[in-house]
Amino acid sequence: MDAGILILLIILFGSFLGVLVFFLIKSLAAPRKIGSLQEQVKQGKISQAIRNAKQLLIKDPRNAEAHYLLGQAYTQDGKKELALMAYKTVNQLSDFSGICKETEFRKNIADLFLQFGQQEEALKEYLLLAKLE
């Protein structure tokens, strides 16, 4: 009976360790993907950036940086409606700890709101921006 419990404990510990290693590797790989995505946007490789951002978001739909870079890519590609949708997701996630700086983000989304005639939404963003600066 003691050997059975010991084997069960070893299996549980091994499973826990495997899950821990998986998440550790995943958390270390994500920043490199965001960095290469950011470079693609800067270099004007827009279709590649859009494709890669969408792939990232399939795996991690709550990745605010990927949504932000997707919004930037759509803006550069002239797809302002899609850019606004991506930025609205960033706004809902409210994660401004990485490459997405809140002041730049608020300016971008406010400008898009104005372009689509959403003055009240733009005003809200400008008020938030004034509080930040």
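Tyrosine 68 is buried, and tyrosine 87 is too; buried here means under 20% relative accessible area, with exposed over 50% and partly exposed in between (1.4 Å probe, protein chains only). This is a predicted model, where local features need pLDDT of at least 70, side-chain atom pairs count only at pLDDT 80 or more, and totals for chains, interfaces and linings use all residues. Residues are numbered from 1 along each chain as its sequence is written, and side-chain values use heavy atoms, leaving out hydrogens and water.

**Aromatic rings**
- The structure has 4 aromatic pairs, counting rings of Phe, Tyr and Trp (its six-membered ring) with centres within 6.5 Å; planes under 30 degrees apart are stacked, over 60 edge-to-face and the rest tilted.
- Tyrosine 68 and tyrosine 87 make a tilted pair, because their ring centres are 5.8 Å apart and their planes sit at 35°.
- Tyrosine 68 is in helix α3 and tyrosine 87 in helix α4, so this pair ties together parts 19 residues apart in sequence; helices are DSSP runs (H or I, at least four residues), numbered from the N terminus.
- Phenylalanine 96 and phenylalanine 105 are both buried.
- Ring pairs join Tyr68, Tyr87, Phe96 and Phe105 into a cluster.

**Helix α4**
- Buried residues in α4 are Ala83, Leu84, Ala86, Tyr87, Val90 and Leu93.
- Their cover includes α3 (64-76) and α5 (102-115).
- Serine 94 follows α4 and has a positive phi, near 50°.

**Glutamine 40**
- Glutamine 40 sits in helix α1 (residues 2-42) and counts as buried because its relative accessibility is 10%.
- Leaving aside residues up to four places away in sequence, glutamine 40 touches Lys45, Gln48, Ala49 and Asn52 (contact: heavy atoms within 4.5 Å).

Key: Helix = DSSP H or I, 4+ residues; strand = E, 2+ residues; numbered from the N terminus.
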